[in-house]
Each structure stands twice: as C-alpha cells, then as structure tokens.
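Hi,

Here is the structure I promised to pass on. Have a look at it first, and my notes follow below.

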Amino acid sequence: MSLRFIAKDPNTDGANCPTVWVDEEKQEFVLQGWTVDEATLAECLKTGPIPDSETVVRLPMRMVAAIREACDAAAGPTVQ
C-alpha cells in the first residue's frame, strides 16, 4: 500500500486528530475524522443506507487546504 500523507488537523495536538492521505495505488482518499453522533448519522441516513463496509466521519472546515492538496495530488499523472 502506498499512502501519501497530506496533513493533520492544524488545530490539534498532532495525535488522535483528523488526517488526510491519498492512496496512489488504489486512487482513493483515506480520511481519519471524528465519529459522528447519532443525530448526524440519522440525518445522513435520510439519503440512503450506509453499508457495513462504510462509515461517516467529520472533518473540520479548517482542513479545506489539506483536502484541496489531496485533490491536487489525486489529479496527478498516476490517477485516471
């Protein structure tokens, strides 16, 4: 597996915090975020079921730059 680290949440202590990676081999984003509460999950479920193989996480808006950087990395020549 070839995960390319992009960034951690800049407003946390660097441990146990939202993080963004790009999996260049699988051409996927890998996101670590906060577990959503039941109210948020219920709101998400209005759109449709969430399979057991998926989850919903929260990332703070201050991570927009990291997400953009991940998008730029994903748009590189190895991604189709």
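The largest pocket in this predicted model has a lining made up of Leu-31, Ser-53, Glu-54, Thr-55, Val-56 and Val-57. By class, three of the lining residues are nonpolar, two are polar and one is charged. The space inside this pocket comes to about 180 Å³.

Next, the sheet. It is open, with three strands in the order S1-S2-S3 and antiparallel pairing. Strand S1 (3-8) and strand S3 (28-32) each have a single partner strand, so they stand at the edges and one side of each has no neighbour in the sheet. From one strand to the next, the twist averages 20 degrees. Strand S2 (residues 19-23) runs antiparallel to S3, and five bridges join the two. Within that pairing, Thr-19 is found opposite Gln-32 of S3. Helix H2 (residues 64-74) packs on the sheet and touches S1, S2 and S3. The direction of H2 makes about 160 degrees with that of S1.

One more residue for your list is Pro-10, which sits in the loop between S1 and S2. Is Pro-10 buried or exposed? Its relative accessible area is 56%, and the cut-off for exposed is over 50%, so Pro-10 counts as exposed. Even so, Pro-10 has contacts with Arg-62 and Met-63, leaving aside neighbours within four places in sequence. Between the C-alpha atoms of Pro-10 and Val-36, which are 26 residues apart along the chain, the separation is 20 Å.

Best wishes

Technical notes: Residues are numbered from 1 along each chain as its sequence is written. This is a predicted model: local features need pLDDT of at least 70, side-chain atom pairs count only at pLDDT 80 or more; totals for chains, interfaces and linings use all residues. Side-chain values use heavy atoms; hydrogens and water are left out. On a 1 Å grid over the protein atoms alone, a cavity is a set of points where a 1.4 Å probe fits but cannot get out, and a pocket is an open set with protein on both sides within 12 Å along at least five of seven lines; lining residues have an atom within 4 Å of a point. Grid points are joined across faces, edges and corners, and a volume is the space filled by probe spheres set on the points. Ala, Val, Leu, Ile, Met, Phe, Trp, Tyr, Cys and Pro count as nonpolar, Asp, Glu, Lys and Arg as charged, and the others, Gly among them, as polar. Two strands pair if DSSP finds at least two bridges between them. Helices (H or I, at least four residues) and strands (E, at least two) are DSSP runs, numbered from the N terminus. Axes are lines fitted to C-alpha atoms, for helices over the stretch in contact, and angles run from 0 to 180 degrees between N-to-C directions. Contact means heavy atoms within 4.5 Å. Buried means under 20% relative accessible area, exposed over 50%, partly exposed in between (1.4 Å probe, protein chains only).
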